[in-house]
Amino acid sequence: MIRDERIPSDELRRIDEEIRSNWPTGEAVDFEEAIEYHESLPEHKRFADVLESADKPLLQPRAGVPRLDDQIELLRYLHQEGQADLLPTTIDSYTRDNEYEKAQQGLDKALETGDDTLNGFPAVNHGVDGCRELIDAIDAPIEVRHGTPDARLLAAITFAGGFQSFEGGPISYNIPYTKRHGLEETIEKWQFVDRLAGAYTERGVRINREPFGPLTGTLVPPSIAIAIMIVEGQLAATQGVRSITLGYGQVGNVVQDVAALNALKKLGNEYLPDEVVVTTVFHEWMGGFPPDEARANGVISLGGMTAAIAQPDKVITKSPQEFQGVPTKEANSAGLRTTRQVIDMAIEQKIDIDGIEEEQDLIERETRCLMDTIFEHGDGDVVQGTLKAFDSGALDVPFAPSDSAAGAVLPARDDDGRVRIFEWADLEMDEDIKEIHKARLSQRADTEGRDQSFRMVADDVDAISDGKLIGRPQGDV
């Protein structure tokens, strides 16, 4: 039975040898030599140090193309023209599914034709040397961003290749991403990723770990996202990780988003061990974008304003071309500059908004309910508690494709645009909190002259792409 226990050193070595045999580039991984390479990197390329010492929100886009030269060119452009503080390497879908042969075929075709035949950078196929060539070429810290349920080989190669930040986690890269992998399986595999990061940390190379906060990216109630971030942070800390960035995805109501980011930082420091440095990352809107680029820039600007008020340590930016898919480097750069302009104009202003403290208190109470039920289900063990809570429905994520979550909880916006829970299913929560949500949704129903129903949920999912925050019925004010 899997538990929240540190992987012993001999077991770490055994798994490491086994997973590195899954693809030829794994043979080039040498832990001791990798430590020496990391130690040779200048301070301004050390991800955790740069992030933790920042005095204002750092900006980071998403970006990944198959060819090494093109990835270097893309990241240089985003750093120089987009003024990105931190840079990503987004991994391709075949690698995320551990289909390295298909990734190789795509890479070979890209090298032959010059086309982007993959939707990201196949780091496993480029191997340690390719990763280091990228790290050496870019004058800023770079993070691995992906979506991989089994990220063990990807972590082994990219850590050895010089990357010092690695996104994802066993819940946040399972529930929103896959039906093929059970939650127990992904937790066990990510224990290796975190233990490997911990092993580097113990040798003085602090690998930053960043659970994926937006989850399904669609009207996720803040307390659910925060509870899962805390759990993934705890799992990483058990394995020796000491730099953890907890994520949160914008829901669109400024009061609720600022309150949630405040709660995330407070509860992260409360629940995680003292030796862990907790930072936060704010993801700009992850749902549907308006097709019109001018309106899309409005969505991005709202995210920038929210970040200026809440001041998370990092912001993951969006581009005005989100509606059409992968943005051009110019559009990606424009999204960065739009966000930076809004933050720089607003961050020195004293902006007081009524209701933030009250909303933060509600989010904290909800999160504590979820954390308590996880500990109760597992008799104090966070792994067993998480598995059993998801199995019973006491912990759930809306719109989840994974079979590991019931996906029975349904959110809807209240009359102010804050995300509330319309259908609780078996989600564990105090009755007085449920009554608050019910009353807020009832107020909206009265405003719109309709009953509370699933129609509200469906209308809200499409609202921002249609140019609104709340999915009001046609003709209503």
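Reader: Before we start, what do buried, exposed and partly exposed mean here?
Author: Buried is under 20% relative accessible area, exposed is over 50%, and partly exposed lies in between (1.4 Å probe, protein chains only). The model is predicted, so local features need pLDDT of at least 70 and side-chain atom pairs pLDDT 80 or more, while totals for chains, interfaces and linings use all residues. Residues are numbered from 1 along each chain as its sequence is written, and side-chain values use heavy atoms, without hydrogens and water.
Reader: Okay, which residue does glutamate 448 pair with?
Author: Glutamate 448 makes a salt bridge with arginine 472, their closest N and O atoms being 2.9 Å apart, where a salt bridge is a Lys or Arg side-chain nitrogen within 4 Å of an Asp or Glu carboxyl oxygen. Glutamate 448 belongs to helix H16 (residues 431-448) and arginine 472 to the segment after helix H17 (454-463), 24 residues apart; helices are DSSP runs of H or I, at least four residues, and strands are E runs of at least two.
Reader: And is glutamate 448 buried or exposed?
Author: Glutamate 448 counts as buried because its relative accessibility is 6%, whereas arginine 472, at 25%, is partly exposed. Both belong to one network of salt bridges with shared partners, which also includes Asp415 and Arg444.
Reader: Switching topic, what does aspartate 313 meet in a salt bridge?
Author: Aspartate 313 meets lysine 265, at 3.4 Å from N to O. Aspartate 313 sits in the loop between helix H12 (293-310) and strand S8 (314-316) and lysine 265 in helix H11 (residues 254-271), so the pair ties together parts 48 residues apart in sequence.
Reader: How many salt bridges are in the whole structure?
Author: The search finds 47.
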